[in-house]
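Please keep the sequence and the structure in view while reading.

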Amino acid sequence: MLAPNCPDPLKGSVSVHRWTGSALAETWHTRTDYNDPATSQARVTLLGEPPVGWLLAEDTLQAFEDGTEYVAGSGRPGQSVTFTPEQVRELGPGQVMVGDLRAAHKIIPEAEFQQGTAKHCY
């Protein structure tokens with residue numbers, strides 16, 4: 001997952017939850033060290049080791065299961081996407097999935113995502 005490139009270090013937060021159909025369940029959450037602005041942008045491997053300078057805040061979600069929906073995002077509007085592991089495996093090189101919680105997602109080039117991240121830094 002790509003964390004948006006925001007000048008505000010408080011924007012550095014990524015989480016993924018298992019979706020039960022009516023609620024969020026197990027969680028994996030990493031965030032920046034809010035005192036270190038150099039850690040606000042990163043590539044985050046979901047369920048992996050946090051990027052250098054990031055902290056693991058919660059890790060009750062240990063693995064992805066095929067056929068299960070998950071919600072990943074940064075907690076900011078327009079930065080959450082619902083997905084299955086199968087959908088992620090279908091992504092091609094240089095593609096990213098974007099969308100809103102429980103709404104349709106779309107696949108766009110990573111370069112397009114990078115150009116549009118500034119609108120999420122508010």
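A residue counts as buried under 20% relative accessible area, as exposed over 50%, and as partly exposed in between, with a 1.4 Å probe and protein chains only. The model is predicted, so that local features need pLDDT of at least 70 and side-chain atom pairs count only at pLDDT 80 or more, while totals for chains, interfaces and linings use all residues. Residues are numbered from 1 along each chain as its sequence is written, and side-chain values use heavy atoms, with hydrogens and water left out.

**Overall make-up**

- The chain has 2 helices and 9 strands, taken as DSSP runs numbered from the N terminus (H or I of at least four residues for helices, E of at least two for strands).
- Along the sequence these elements follow the pattern β-β-β-β-β-β-β-α-β-β-α.
- Of the 122 residues in the chain, 40% are buried.
- Among contacts (heavy atoms within 4.5 Å) between residues at least 6 apart in sequence, 44% join residues at least 24 apart.

**The open sheet**

- An open sheet is formed by 5 strands in the order β5-β3-β2-β6-β7, with antiparallel pairing, where two strands pair if DSSP finds at least two bridges between them.
- Its edge strands are β5 and β7 (80-83), each of which pairs on one side only.
- Strand β2 (residues 13-19) pairs with β6 in the antiparallel sense over 4 bridges, and in this pairing R18 stands opposite Y70 while H17 stands opposite V71.
- On its other pairing, β6 joins β7, again in the antiparallel sense and over 4 bridges, with Y70 standing opposite F83.
- In a regular strand the side chains alternate between the two faces of the sheet.
- In β6, Y70 and A72 point one way and V71 and G73 the other way, and all are buried.

**Salt bridges**

- The whole structure holds 2 salt bridges, each being a side-chain nitrogen of Lys or Arg within 4 Å of a carboxyl oxygen of Asp or Glu.
- In one of them E26 pairs with R18, the closest N and O atoms being 2.5 Å apart; E26 counts as partly exposed at 29% relative accessibility, and R18 counts as partly exposed at 24%.
- D66 forms a salt bridge with R89, with the closest N and O atoms 2.9 Å apart.
- This pair links distant parts of the chain, 23 residues apart, since D66 lies in the loop between β5 (54-59) and β6 (70-73) and R89 in helix α1 (residues 85-89).
- R89 counts as exposed because its relative accessibility is 55%.

**Nonpolar core and its surroundings**

- A nonpolar core is a set of buried Ala, Val, Leu, Ile, Met, Phe, Trp, Tyr and Cys residues joined through side-chain atoms within 4.5 Å.
- The largest such core has 12 residues, namely V14, V16, W28, V44, L46, W54, L61, Y70, A72, V81, F83 and M97, and β2, β6 and β7 each supply at least two of its residues.
- Not counting residues up to four places away in sequence, L61 touches V16, H17, R18, E26, T27, W28, L47 and Y70, and these include both partners of the salt bridge between E26 and R18.
- T68, in the loop between β5 and β6, counts as buried because its relative accessibility is 15%.
- Leaving aside neighbours within four places in sequence, T68 is in contact with R18, F83, T84 and P85.
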